[in-house]
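User: I would like to learn how to read a few features of a protein model, with the cut-offs spelled out as we go. Could you take me through them one at a time?

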Amino acid sequence: MTREGIGTATDPTQLVSSLFTLIPVPVAIVDDEGHIVLANSAFKDIFPDIRNIQSVPHHELEIAGRGTYELEIVPLNDQGMKIVYATEMTNEVHLRKQVVHLEKMASIGRLVSGVAHELNNPLAGILGYAQLVSRCELDPSTRRMTNVILTQAERAGKIVQNFLSLAAKTEPQRIAFDLNDAIRNVVQLREYQESVENIVITTELGEDMPSAWGDPNQMEQVILNLVVNAEDAISDSRRRPGAIHVKASVEGESLQVTVADNGSGIHARDMARIFDPFFTTKEKQRGTGLGLSICAEIVKDHGGELYAWSSYGTGSTFTLELPIKHIIEKEEVQPARASHGECLRGKQILVIDDEIHITELIFDVLARQGARIDLANSGVEALEQIRKKNYDVIICDQRMPGVSGQRLYRLVESLNPELRNRFLFVTGDVVNAQTKRFFTQAGVVYIRKPFRIHELVDAIEGLLMRKQLPGS
C-alpha cells in the first residue's frame, strides 16, 4: 500500500464518517427546525419516512415490524443543530404494560375473596337445606327435584372453588395429585364459555394413572392456559363447531397431557418462538405473549417439558410431560368414621355468623344431633354470650362486619386460652392472604362454605375428640 493510501485509511475525518455510517445505533443530525440533514444507515433503515423529527412523537415511537423506540436529542453547536439518536425500548414497553396488567389483576384478586364470600353464603344455605330435605321421606318426583337442587348447588360450589384456586396467589406446593382431577376442574371451569362459542371439548382421561408430583394449582393454570389458547385459535379460524380434545396418559416414564384443537394453527416460522417471552400471534387485545412462556417455566420447574406440534390452518397439539415420581411418601390417612353425630348429644355449641340463614341452617343440622345450640349474628353478641356460658364448640364465620372472626378469636383467647381449641371456622374466604396466614399460624380448624352436612359434623366431632386428649 502506498503512503498516500495509508494516509487515507487513517484519516480522522474519513474514520468518523465511516463510523457514523456503520454504527448500529440509529443516529441523525437535524437543523434548528428539526429537518434531517444527515442520517446514518441504521436511522434510514428504521425510520425511512421521517424527514422532520418535529412531526413525530419522541417517546414510544412504534415502528411496524421493528419495535418501539424513543428519540433522544443532544445539542451539537450554537447554530441550533442537534444530534438525534434512537433507543429501542420494546421490552421496556412490554414490561410496563405487563406491570399495569398485573396491577389490574391484583386488584381483581382482592375482590375475589369478597365475591367468593357473597356467593358461598347463599350456596351454603341452598346446599345445606337441600341435604336436610333429601333425608326426609319424599315422593319420587319431589326427591328427583331435590336431587337436582343438590347436584347443581354442589356444581356451583365446585366452580367457585376452582376459580378461587386458580386466582389464589399461593406458594408452590409439592404434593401428590391426580392429573385427571386437574383436567376435570379446568373443563368444568370452561364448559359454559365453550358452549356459548360453539366449541365441543372432549376428554380422554387415563386409567390407573400414577399420581403426579408438584403443585396442582400451577398444573391447573398450565392446562387452563392451553385450553384457552385452543379456544382463541378456534376463534381465529372461525371454524364451527370448534373441537378441543384433552387426553391424559402414561408414556414410558412420563405422565402426559395433550391439548389438541382444530383452530388456525401456528405458522412454521413462528414455531421456534412460541415459548419466548412477549412473543404472541394473537391480537393485542387478547395476548400479552407471556402465557406460554410462564407455562413452560412452571413445567420446567416440575422437571417436565412443554412442546407443540402444529399444522398451519388445521390445528395444533400442545403436549405437557411430567416425570413419574415412583416413591411418594403417602400421608397417614385416618380411617373414615361411621359416625352419625352421637357424641354431639348434650353438647353446648355457639354458632356465630352475620348471615341469619347460615346460623339457622347449622342450628337445624345440629339440633337433630341432640346438641344445645345458641346463635349469635355478630362478634359483639357472641363475646357477651361466651363470657356468660362455657361452650364445648364455637362455630364462627371469618368475615363479619364489626368484630371479625379472627378478632373474636383473639379476644376469646385473651379471656380464656383453653377456648382457642374449641373454635371451628366455617368460611368461604380462604384465598385472602391474611385469612390463610391466620389459619396457619393459629392452627385452627376450618371447613369451607358451601359444606356437606357430614363435613360439619365430622369437624365438630374431631374438635371434641381433640379436647378429650391429654394436654389439650
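User: Is Lys449 buried or exposed?

Analyst: Some ground rules come before the answer: this is a predicted model, in which local features need pLDDT of at least 70 and side-chain atom pairs count only at pLDDT 80 or more, whereas totals for chains, interfaces and linings use all residues. Residues are numbered from 1 along each chain as its sequence is written, and side-chain values use heavy atoms, with hydrogens and water left out. Buried means under 20% relative accessible area, exposed over 50%, and partly exposed in between (1.4 Å probe, protein chains only). Lys449 is buried, with a relative accessible area of 0%.

User: Which side chain meets Lys449 in a salt bridge?

Analyst: In general, side chains of opposite charge can pair when their charged atoms come close. A salt bridge here is a side-chain nitrogen of Lys or Arg within 4 Å of a carboxyl oxygen of Asp or Glu. The partner of Lys449 is Asp397, at 3.5 Å from N to O. Asp397 lies in the loop between β15 and α11 and Lys449 in the loop between β17 and α13, so the pair ties together parts that are 52 residues apart in sequence. Asp397 is buried as well, with a relative accessible area of 0%, and a network of salt bridges links Asp353, Asp397 and Lys449.

User: How many salt bridges does the structure hold?

Analyst: There are ten, and one of them joins the side chains of Arg452 and Glu154 at 2.0 Å, N to O. Arg452 is partly exposed, at 27% relative accessibility, and Glu154 is partly exposed at 23%. Another salt bridge, at 2.6 Å from N to O, joins Glu231 and Arg190; Glu231 is in helix α7 and Arg190 in helix α6, 41 residues apart.

User: What should the span of helix α7 be?

Analyst: Helices (H or I, at least four residues) and strands (E, at least two) are DSSP runs, numbered from the N terminus. The expected span of a helix is 1.5 Å times one less than its number of residues. For the 22 residues of α7 (residues 216-237) that gives 32 Å, which agrees with its end C-alpha atoms being 32 Å apart. Of those 22 residues, 16 are buried.

User: Which residues have the most contacts inside the largest nonpolar core?

Analyst: A nonpolar core is a set of buried Ala, Val, Leu, Ile, Met, Phe, Trp, Tyr and Cys residues joined through side-chain atoms within 4.5 Å. The largest has 35 residues, and those with the most contacts inside it include Val222, Val227 and Ile244. Its largest share, eight residues, comes from α7.
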